[in-house]
Amino acid sequence: MFTPNLLTANDKAGTYPASYYAATANTTAPFETIEGDQSCDIVVIGGGFTGLSSALHLAERGFDVILLEAHRVGWGASGRNGGQVGSGQRREQDDLEKMVGRDDAKKLWDIAEQSKDIVKSLITKHDIKCDWKPGILHADHRARFVSDTHAYTEKLQSEYGYNQIRNVDRAEMREMLGTEFYHGGSLDMGAGHIHPLNFVLGIANAARAAGARIFENAMVTSYENQSGKVTVKTSNGAVVSANKVILGCNGYLDALEDRVAKRVMPINNFIIATEPLSDDLARDLIRDDVAVADSKFVINYYRLSADNRMLFGGGETYGYRFPSDIKSFVSPHMLEVYPQLKDVKIDYGWGGTLAITMNRMPFFRKIEDNVFTATGYSGHGVAMATLAGQIMADAVAGTMERFDVMSNLKIPAFPGGKTLRYPMLVAAMVWYSIRDRL
C-alpha cells in the first residue's frame, strides 16, 4: 500500500502552514541551513517539543548537540495543536493501575505532573511569551458519562492527593459554556493552555542560547549506526556524525526507523480559528476562559485565543491527505456545539499530523545502546513531549530512572505491521465515529 511522505504530502516545504499560530508567531532570529559534513556528541532528529527539549537539556549539561529539522522549528504537530497542557497520562489512572499495578501507576502520575511543571518552569525561566492560561474543562456529551467522570475526580482527590480538580454538574456546565450540548464534567485548574508555536519557538531560542546547533530545512533521509557511531544523511547532501542519536519525529517518522514505525500510527487532525469575537460573546461561550475537551471518541477540543478567537479542533480524516477545505470540514463540529456562531467568519483552518499508539501510551525506547526515541503521545503531547526531551537527556547522561518507567510500558505493534495498520485503524475510527453520532 502506497504511503506518501508526510513531510511533503500536505504542506509547502520549509514554510509554516497558514494557521492562526503562524500568523501570530513571535519574531525569532532565523536558524541556520546545514552545509557540508558536521560532527557532534549527540544528533537530534526533529525540531518539535521532544527534539528541542532534548537539545536544550543536553546543551545545558555541556553536550555538543546538533538538531536537524526537516522544515522549520515547530513546523509539525508541536506548532499546530490545540495547546492544551493536560494532567495525567493519556490513559486514566484506573486503567493504568490495571495495566501496570498501583505502584507504577503512581509513578506514571508523578511523571505526568512533572510534565506540566516543566512547561510552566520553561515559560518562566526563559520568559516565553505564549499566552499561558490556567484551566481545562472536561465536558461530557452523554448524561450517562457524568457519574464515571465524577467518580474519577474523587479518585484523583482521595487516592492521588490531586486537589486542583473538582466536579461540575449539568447546571454549572451550562453556565460555564454557552451551549446545551453537555451534561456535566470536571474542571482541572492545575492544567492549562498555551500558544503552542510560540512555546516551541521559545524552547528553540533557549536551546540555541545554551549552545545547541539548530539547522532548519535539513530533512533526514537515513541514518546508520555502526561500531558505536551514528551517521545521519540529509536531503541536501550534508552528513552528521555523532556518538548518539535521539529520534524526536513523532507523526512524521515515516520510514526512518521501522522498529518505531510499527508501533505508532500517524493520523491527521484539524483546527479552525474564527474572527475575533466581542468580549461579551467570548465570555458567553467560555465564561472562565478555560480550554475545553469533550468526551466524544473523535474529540472536540477548543478554547479562546488571546485576541478572543474561538480555536476549535475536531474531526479526523481516514486518509493521509488533508481535506481540500479544512474550514468547511471542521465548522460543522463547532456549530453542533455552538450554533450561535453560524454567521461568524472563519479566518484560519489548518491540519497537522500526530502519532498514536495502540494503547494510547507514549513509546519510549532505547533501541540500541546509542539510539533513543520517544513518540506516540496520542494527542496528549504538549506537556509529555516536552518532558520527554528532559527524560531522554537524563538517560543519555546516564540517569535512567524516569526513562525506565516510561520504557517499561508495553506498547503493542499495530496488527499487520506497517502494511495493514492503516486500513485497520480506518475501520476502527469509522466505527467509533458512528458510535459518537448514535
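Author: Begin with accessibility: a residue is buried under 20% relative accessible area, exposed over 50% and partly exposed in between, using a 1.4 Å probe and protein chains only. In this predicted model, local features need pLDDT of at least 70, side-chain atom pairs count only at pLDDT 80 or more, and totals for chains, interfaces and linings use all residues. Residues are numbered from 1 along each chain as its sequence is written, and side-chain values use heavy atoms, with hydrogens and water left out.

Reader: Is F329 buried, exposed or partly exposed?

Author: F329 has a relative accessible area of 26%, so F329 is partly exposed. F270, at 0%, is buried.

Reader: How many aromatic pairs does the structure hold?

Author: Rings of Phe, Tyr and Trp (its six-membered ring) pair if their centres lie within 6.5 Å; planes under 30 degrees apart are stacked, over 60 edge-to-face, and the rest tilted. The structure holds 14 such pairs. One of them is F270 with F329, edge-to-face at 5.4 Å centre to centre and 80 degrees between the planes.

Reader: Where in the chain do F270 and F329 lie?

Author: Helices (H or I, at least four residues) and strands (E, at least two) are DSSP runs, numbered from the N terminus. F270 is in strand β12 (residues 265-274) and F329 in helix α10 (residues 326-337), 59 residues apart, and the pair links these distant parts of the chain.

Reader: Which residue has its charged end over the ring of F31?

Author: A charge sits over a ring if NZ of Lys or CZ of Arg is within 6 Å of the ring centre and within 35 degrees of the ring normal. R208 does this at F31, 3.9 Å from the ring's centre.
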